[in-house]
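Subject: Structure for you to look at

Hello,

Here is the structure I said I would pass on.

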Amino acid sequence: EYPLHRHVSGFTSSLRMSSAEAFLPTSVGLANGLHRPRQKPAILRKISAAQQLSASEVVTHLGQTVVLASGTLSVLLHCEAVGNPKPTISWAKNGEEVKYNDRMLLQPDDSLQILSPIEADVGFYACNASNALGSDSVSIAVTLAGKPLIKASRATVINTESPAVTADIGSTVKTIQRANVTISCQVAGVPEAEVTWFKNKVKLPSGHHIRDGLLLIANVSRSDQGLYSCKAANLRGEVTESSQLLVLEPPQPLPYLEDLTAVLSSAGTSTHSVLTSPSGTKMTVSPGSSAVIGCAVDGHPIPNITWLYSGEPLSVQHHLLAAGRILQILNVSDAPGGEISCLAQNEAGSLTQKTSLAIQEYQWSVDKLMACSASCGRRGVQLPQLRCLLDGTEVNISHCKEKPKPALRPVACNRRDCPSRWMVTSWSPCTQSCGGGIQMRRVTCQRLTAKGSSVPVSNEACAQVSKRPMDTQKCNRQPCAEWVASSWGQCNGPCIGPRLAVQHRQVFCQTKDGTSVSSDQCSVLPRPLSTQNCWTDVCGVHWRVSLWTVCTATCGNYGFQSRRVDCVHVRTNKPMLEHHCSWRPRPVNWQRCNITPCENGTLLRGGEAVWHRGRKEGRVISQKYRTEPW
């Protein structure tokens, strides 16, 4: 083992060596040359005491401490490493890659030279050697005489698998439970500094696994979380750096989810619910219903939940409740069966829990039979009862209307001989329609066989089962009654048409001895009219017409003849006002006649004379008979 720090005066330095061989361990030789075995990098540490070369130039190897003085003009930091393949050398200051410039120089032998060092150059310089087989890193402190210097890191160290993790003070450490955590507080300072450790600003006891600036927290748990601080103090001052320790817990399944109960109480009893599990659960739901699925997990930090349907992001309409731990699917018919999973993730790991969603189907069922149509004989059948089922429970038949109905095949039942029983025929017609009559029927004792035939047996066989029915009964015992009508009353009504005048009479039901009874007793008989149209003497009128007059022309288109049309009483033949006859069609009182072509002009002139005469006579006739003029 090599010491982590060796304090060297700013006026002294280590010997400048010309090759790395002087620092090789005795077990390592160069005799093998090119045939050396493959070896991961190893950086050589200086063991011998430092020797002074110059007050203005400091040359040192790794594993030591350089204290800058006012007269220091140059600091040369050697980094020599062995390994096969040859390691690659890089430099970092306080955890960040060194940016080379005209004062910060990388020499051909991979040494780092700082010209005219200033206070800003104070820090921890790390040489990193790496090849394909691994890497090695050693630090050297460059400081001023005064208050201490702590090598601090601002990195975030996350450990999710290894049983042990080491980090520099100033880092944020996130690790799984039961790991061993080591926090390194590398201190440089002249005078030498004393290191004190704190947790959440409370000093840790000296026996708390503290050694050589290292703090070991073994088998960490959630109770070890907190802020760990390293304070380095000497006569010139003190400095403190802190690291935050967070204990990670990968997502773990829980047996219950309290938020699910509250969601179900508000969603209603018809909502189906299930919890996912790593091995998978199963939920069967009815079509069109809603479902609530819980993802019961715990972890630190609290896991983020992602819901998936058949391995893909959810596309169905849904709500996320309880910070994403509960998935509510509004209509399960949108998700036609499949696997729904919740992926819980945090920095410590991930966990997938799942449930299988199955949607019930409406199905026709004919497993139940209706009651047998007969208790015996050969005609007894049972028809299957057509039912619509959902998960074995009968529902409204309309839910199965989209599915084809199964065939209903009757099943024979109760095919056996019937017990002897009385058989009766229909009653005969009553011998009287009223006043009391007799009806008769035939009563026999028979037995119906399983083959469907009826066999007569003795009356005694039926008498043991039931009383013999009656074969005779009285009928139509109501008194005989008939419709009786009074004489017609006076004919009343306006004398304008023959069917407008009416007359009335009374019609009632009575027995033959003259007693009035309810009309129901005469309902089987045709009822006489109680109202009829009538004809009065005043209404006995008609149109009377005379003979046609001689035609006014013997030929041509202008001949006509007329007649008289009068309204007269039928019996007295006296004229009446015409409106009394208006309900009958009025006969015409003129007409054309002798409409035949005339011969030459003589006849035409004669025709014209007749025409003029006819027009004159026509006016007279019009005045007399009230006809329309030509």
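Which residues does Ser-229 touch, not counting residues up to four places away in sequence? They are Thr-196, Trp-197, Phe-198, Thr-240, Glu-241 and Ser-242. Keep in mind that this is a predicted model. Ser-229 is part of strand β23, which covers residues 226–234. Its relative accessibility is 8%, so Ser-229 counts as buried, the cut-off being under 20%. One of its neighbours, Ser-242, also makes a polar contact with it, side chain to side chain, at 2.6 Å.

Now the chain as a whole. The protein chain has 630 residues, and 36% of them are buried. Its secondary structure consists of 3 helices and 52 strands. Of the contacts with a separation of 6 or more, 63% are between residues 24 or more positions apart. The accessible surface is about 37,200 Å², and carbon and sulfur atoms hold 52% of that.

One sheet to look up is an open one of 4 strands, in the order β25-β27-β32-β31, with mixed pairing. Its edge strands, β25 (272–275) and β31 (318–321), each pair on one side only. On average, neighbouring strands of this sheet are turned by 20° against each other, direction ignored. Inside the sheet, β27 (residues 291–294) and β32 (residues 326–329) run antiparallel and are joined by 4 bridges. Ala-291 is placed opposite Ile-329 of β32.

The count of disulfides is 13. A disulfide is a covalent bond between the sulfur atoms of two cysteines. Here are three of them:

- Cys-372 and Cys-413 are joined with an S to S distance of 1.9 Å. The link is right-handed, with 90° about the S-S bond. Both cysteines lie in loops, Cys-372 between β35 and β36 and Cys-413 between β39 and β40, so the pair ties together parts 41 residues apart in sequence. Cys-372 is partly exposed at 24%, whereas Cys-413 is buried at 8%.
- Cys-434 and Cys-480 have their sulfur atoms 1.8 Å apart. The torsion about this S-S bond is about 100°, so the disulfide is right-handed. The parts it ties together are 46 residues apart in sequence. Cys-434 is buried at 17%, and Cys-480 is partly exposed at 23%.
- Cys-509 and Cys-522 are joined at 1.7 Å, S to S. Cys-509 lies in strand β47 and Cys-522 in the loop between β47 and β48. Cys-509 is buried at 2% relative accessibility, and Cys-522 is buried at 0%.

Regards

Notes
Residues numbered from 1 in each chain as written. Predicted model: local features only at pLDDT ≥ 70, side-chain atom pairs only at ≥ 80, totals over all residues. Heavy atoms only, no water. Helix = DSSP H or I, 4+ residues; strand = E, 2+ residues; numbered from the N terminus. Buried < 20%, exposed > 50% of the residue type's maximum accessible area, 1.4 Å probe, protein only. Contact = heavy atoms within 4.5 Å. Areas by Shrake-Rupley, 256 points an atom, 1.4 Å probe, with all protein chains shown as cover. Pairing = 2+ DSSP bridges. Axes fitted to C-alpha atoms, helices over the stretch in contact; angles between N-to-C directions. Polar contact = N/O pair within 3.5 Å; in protein donor to acceptor, adjacent residues only side chain to side chain. Disulfide = S-S within 2.5 Å.
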